[in-house]
Amino acid sequence: MSDKALKPSLKNPFEPPEKVEFTIPGEISRTTGPYEEAMKEGYDLIQRPIRSVKIEQIEKQHFKKRMTVWERLKVLSSQAPNVLYQNWGKNLDGASLVTAILTIGGRDVAVYGHDFTVRAGSIDATNGNKLARLFNLAGEKGIPLIGMNDSAGAFVPAGVGGLDGYAEAFTALRKISGVVPSVMCMFGFNAGGGSYLPRQGSFVIQPNDTFFGLTGPGVVKSVLGEDITPEELGGPKVHGQSGVADLTVADEVAALRTAVRLLSYIPDNNSVAPPFQETSDPLDRKTWETNTLLKKAFNSPTGFNTPFDVSIVIQQICDHGDYFELQPERAKEVVTAFGRLGGNVVGFVANNSAVASGQIDCDSAVKIARFVRFCNIYNIPIIFMEDTTGFLPGREQESRGIVQAGRSMLDSIVDVRTPRILLILRNAYGGAYASYNNYPTGADLVLALPTTRLAVMGPAGKEFVYKDELRKIRGAMADMVRKGTEERIKCGMEGDAAKRDAEKEAAEWLKGEETALNQRYEKELMNPKEGLALGSISSIVMPTDLRQVLGENMAFLLRHYKPGPMMGPQREFH
Amino acid sequence: MNDLYMNNPLIHRDRRLGQSASEWVRSFACEDLKPLIVCRGPIRKEAMDVFEEMGISHYGILLSEKDSIVYANALAPELRQLTDSNRVHRVPDYTGASKEERVERINQIIQIAKDNGYDSVFAGYGFMAEDEEFVASLENAGLNFIGPNSRTQADAGKKDEAKRTALSVGVSVTPGINNVTARTLVRKHATRDKLLGLVKSHGLAVDATVLNDKTLSLEDLADAILYASYEKGLDLYSIEELSAQVQVEVANMFREYPASRIRLKAIGGGGGKGQRILGASLLTAKNPTDKQVKEAAAEAPTLVREVLNEVKATGVGDNKNVLIELNIEQTRHNEIQLVGNGEWCVSLGGRDCSLQMHEQKLLEISVTQEGLALAIEKAKKAGRKAEVKALESDLKVLKRMEEDSTKFGAAVGLDSASTFECIVDRDRYYFMEVNTRIQVEHRVSELCYSLKFTNPKNKNDFFIVESLVEAMALLARHKKRLPKPERIPRFGAGAEARLNATDASLSPHAGGMIRYWSKPIEGEIRDDQGICLVNPDTGMFMRYKVAGAYDSNIALLLTNGEDRLDSYRQLSKVLGKTTLRGTDLATNLEFHYGLVNWFLGQNVMAKPTTRFVVPYLTLIGQLKEEAAKIDTVYAFIQMKKAYAKRMAEQFPDDPQVGKTMSQIIDRKGILVTRPMDRLLEDPHLLSGWLSVNRKNFTIEKGKVIWHDNPFVILSDTYEYLNMCHDPSAPAADVIWAHDNELLQKGLSFYATLSGRFKLGMHEFDKLSALLAKEKPQDGFSAEEWAQIRSAHIGFEAGLELLGMLFLVAENVKFWDFKVEDDLEVTIPTHLHDAELQVRMKKVLVPPPATKADEVVAVCGGMYYGQEAPGMPAFVHEGMHFEKGQPLYIIEVMKMFNTIRATFSGTIDKIIMQGSDGSIVQKGQPLFKITPDEKFIEIDPKEIEREKRERTSEYLRAVL
């Protein structure tokens, strides 16, 4: 072939050669001197963090279907970031970390993101300090923080310096915890400090095809000999279920969009209320679907013991039905969500009987505690919805420390100082009722649906309430069997058969009597009447009026709540 | 921000006739109409919009409890528009589950209307819209039904009556039997006297002239008697007797029409409901034996029951007539849109709805006389004789259908909108039925014609109606006062794709959540039930749970164009630009995109039959199976090696050239493999891509030869995949910036070069011939020429890989499935193989596999095998269960949790022997089962090895 002599090239011969001459943007060109030289150098420095990266590095990042930090910033906001310390580091390239102030939806947000195309986004002493400065700034100005983590960990050549860098960042982040909220996106493969740091933040969002954790599979293999994929070790499925990740999403774009959405529900800092949003959804809108839902459930063959999905009740209450669920993949027997009611952000904590009867176990207790603490710190009022048969008993739960987990939930609720309402949907028994935002624990208002079954104990309570009756019935059994046997023998039945038959009859009688007592218990005690009589419930609310009643009461409570940082002594335990 | 969604010039306009300067026009105002909308789906939102645009302020909607409580994350979208809760009325569902419930629902609707000041009812294309009883009840209650009156419903809506009416006005109908109930009665009471005895003994009110007419056939007499019995709510025959008669008639028809199937249609059915086809086993039998016929006909009784059940006509006194029709196998499904006021009747062209699956329409396109005439002209000019002939035949049929349909419409006193449905077989058409309601695809016709109503006294005094819903409201309000309108051509063509919640094999897939839907583009009509109405407060998209409580339809996407090609191109653009994101979400968007492009690559004037889709899907499955064997990263690395070797051979003394080449190839890595991976992952996208590129290559001696510039094709491919450079889109969703830079650089090079040679960008054969010459062309200097040729090699290097995609098609004989010159579609016979179809369905959507051979208790608690005492058990041995089916209940702390199957399978043995209420422990085995799909562990290394082997074979054809 004649091609032999041809060398390949990617140069378009028709394109004029690129201009290398520099002029100050906007200035007419004229003869240049040392001043222009300085200007050019300055301009190059500004561009350096973006331009100095080799294309191979960017391609590597893109090959993994990941965006560069600059591309991620653009998804967060169409406005250009105000980059801080852009030439930090001895290569003047920003040292593999971008920190900036970004305007998102008109709000100032402090943002950081590892630049994986530079030194794999690793941390050394200097950029640990850079992170700390951003955190301090966020805390000082009272603006929320978004982190885009994509770091290989400590920069090994930096030695102990890298570790110190992490320590400095850890400390700074802890110091602003509770002052400003933070949202952490987990991109790429973060291990060690790269995992701890983001988890110090308020919320962690993890997309698919990412890993974070103590160490990667390689180390696990070498230390424990275990073969495990990154996905199985620290993928979104693992962290979504443990609550280490609050939200799991499909990809990076979804993570960033979710972060922005989440931001719309949380305040800038602990001194102010979350953003108010005028609503066109009338507060007196009837909540018909709650009625439909309950009717369908309670009129079904399994009657009042039918589980139902509580999210529809939350949906019905919120403005236009829009709400935002947190930790949706974990401990689904409780739903924690942000929503708006009459424009005000409200936190919802609702037992979901559709999952495991709504029983509170270690996971759901911690999930509630975590959410309630956040709302409490950041001036977010809470509506609790109760429909649980209680704490989950058993060996497994005890060994996992249900006492401590349940206590954690209880304490978090006792501590709440923001407006708080309890709405009892159905089941509210015993310890679960006692620890779940009732009047004595500090509720501002307790409301109940007519379907409420507030009692000291669930159906098993008949053993205590009707102790005497039961003793009498059971005591009569022996007599019945004896008499029955005698009668049967009289009629000519054989001894053993007569006894068996009599026992059967007695057992049936007993079952009937117990059922009758069960029904009596349900009728007499499993209802809201006692609660109303004792002032444990303020009033009954109809399922169709939920939005109006809750909305008006919440508005009243908020009129008399002044947002501010939490005061008072630090309590033991969290 | 919602501009094109909220204000789309194609569908939104001010329709307030009361605002007109003309007194005559003003007299047709409808502002005082107070309609209650009793249907759901996209038509509900459309009616709300149209009524508002007409200035109707007092309209209300029904919200069914069945679907409203499934919007877990937002209120029903319509409520974002209609915030006045006094105009939203709850009903358990729209039609009732039984006959009794239906009657109850009808009364409830009337009550709601009366209590809330509505004077009319709009039923869209809901089941109620075609219910004669419903319409009659409304009329009796003094409510205005926005749709055909009950007389029309009776004459045209019931399939048997419609067929008789059709015959009487000379409309051709499919061969079959429309009076099987009468025949049943005659068989039971075989003489005139016996029949008359029935009248007496039951005290039936039959017209005396009928009874005395001795010339009347027994069957006609029986029919008259039957009608009287329905009036009285009596059954003169049992379903068993009817079924037996149907079986006899079916057997006779099988003998009369060998190698055919037979269709049973309950007279109240529609939209695929209440219909069954039998006789598949006879399709290949030219001379069926008696035994074969008997066996095939034996299915009839079961099917009769099924169809009657589906239309809820099993009660005492229900008309249980079933039409028995020859099933026309190779058919196209065409329908004519009709509008009338009882005195006049106008047709608005036709719609071809042949592209359907399991009787559910997927893609509907307009057929108009103007459009066909234009297409004929074009084909003539291009010298495509076979096409001209085919189109001319179509035009003739269409003309006839339109003429006959208006005759029919006038005969039944049609006073609203209806559809005249036909099947077209070559140059003949058969009338099937009339849908006495507006149809889902009505907008296709709206795009083609508008209605011009002119003052009979002054031809300059007129108004134009572009919406059929608007026309229906006008007709309901002003009826006979409306003069006969003139139909005005609006756009040359319209097309509609039904966006459904179905997976890649088009099976329903409900339960997903839509989290994001890109904004409509210009020229797109998106009828989505309001899903894209953003949160009115925040402007954010509101998540939408695809519940599928009633059907799988999510939205209707429509486009228009000057001709069919244009409307298809526009539809392709709309589908391509649509991004739907969500969780557990599956839609047929990709299917549509692939299909529309398949036609664009073949011929949009094609005449596919109703049997197109299943074999097409089978082919798509084969594409997927083949595509899965390619590893693009491996291919890329191998190619890079091959280039290194070639450079080393060509430039043994200059290692720098090899290095340069290696760098050039590296730049192409993501640029080339990323779109390839997208296409290989989704066979629907691949199908469309292959079709539009089918003329851009040939395979000669096992090598792919390009006839279009791969570099330009690559750029087109990014556009096809909606991944063009867009600075406002997230970087991850579009071409990466560095890839775009290179792509643009190359495009600019080829644009300049083609310009110099006065060639188009796609005239690659000529360009490459020129570039092959060593002698500088077109006055370029030797140095320039060398640079140009170097650049050509540089830009094209690495793009060979794209050719592997053609080979995938070649290997599955993709091109054998094609549109012929006479517009008929050739479907390779092997794609009709039922076994292959089933296997490919599984390739498209692998069913959940499990290693388990037991079902175990999910948690500890008390076990129940039935929902409540006295109710049937959930499972029994030998039973097959589907994924999602309830298997048992576990009671935990007095709460009854229904546990559903996570995969499908068969119950071999029930291990759980305890009675209801027995305690089970977590993990305790309950049933022994055999899963439908057993999980088979395959060594990933083995898969990788096979993939590489196969990829290497592919590489041989392109390197």
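**Figure 1. The largest nonpolar core of the predicted model.** This core holds 208 residues. The residues with the most contacts inside it are B:Ile37, B:Val38, B:Val121 and B:Met472. The coordinates come from a prediction. Helix H25 of chain B, residues 655-681, supplies the largest share of this core. That share is nine residues.

**Figure 2. Close-up on B:Val38.** Neighbours within four places in sequence are left aside here. The remaining contacts of B:Val38 include the aromatic residues B:Tyr94 and B:Phe122. B:Leu62, B:Ile109, B:Val121 and B:Met128 also touch B:Val38. B:Ala123 and B:Gly126 complete the list.

**Figure 3. A second, separate core.** This core has 129 residues. Among them are A:Met148, A:Ile314, A:Leu341 and A:Val541.

**Figure 4. Chain A, a spread-out chain.** Chain A contains 21 helices and 17 strands. Its radius of gyration is 32 Å, whereas the globule rule gives 25 Å for 574 residues, so chain A is more spread out than a compact globule. Along the principal axes, the C-alpha atoms of chain A fill a box of roughly 130 × 60 × 55 Å. Of the 574 residues in chain A, 48% are buried. Consider the contacts in chain A with a separation of 6 or more. Residues 24 or more positions apart account for 73% of them.

**Figure 5. Chain B, in agreement with a compact globule.** Chain B contains 33 helices and 35 strands. A compact globule of 959 residues would have a radius of gyration near 30 Å, and the 32 Å of chain B agrees with this. The C-alpha atoms of chain B fill a box of roughly 110 × 85 × 65 Å, taken along the principal axes. Buried residues make up 48% of the 959 residues in chain B. Take the contacts in chain B between residues at least 6 apart in sequence: 73% join residues at least 24 apart.

**Figure 6. Confidence of the prediction.** Chain B has an average pLDDT of 91. In chain B, 98% of the residues score at least 70. For the complex, the predictor gives an ipTM of 0.89 and a pTM of 0.89. Where pLDDT is low, predicted coordinates should not be read in detail.

Notes
Residues are numbered from 1 along each chain as its sequence is written. Chains are lettered from A and ligands numbered from 1 in the order in which they are written. This is a predicted model: local features need pLDDT of at least 70, side-chain atom pairs count only at pLDDT 80 or more; totals for chains, interfaces and linings use all residues. Helices (H or I, at least four residues) and strands (E, at least two) are DSSP runs, numbered from the N terminus. The radius of gyration is taken over C-alpha atoms; the globule rule is 2.2 Å times the number of residues to the power 0.38. A residue is buried if 20 or more other C-beta atoms lie within 10 Å of its own, exposed if 12 or fewer, and partly exposed in between; C-beta atoms are placed from the backbone. Two residues are in contact if their C-beta atoms, placed from the backbone, lie within 7 Å. pLDDT is the predictor's confidence in each residue, from 0 to 100. A nonpolar core is a set of buried Ala, Val, Leu, Ile, Met, Phe, Trp, Tyr and Cys residues joined through C-beta atoms within 7 Å.
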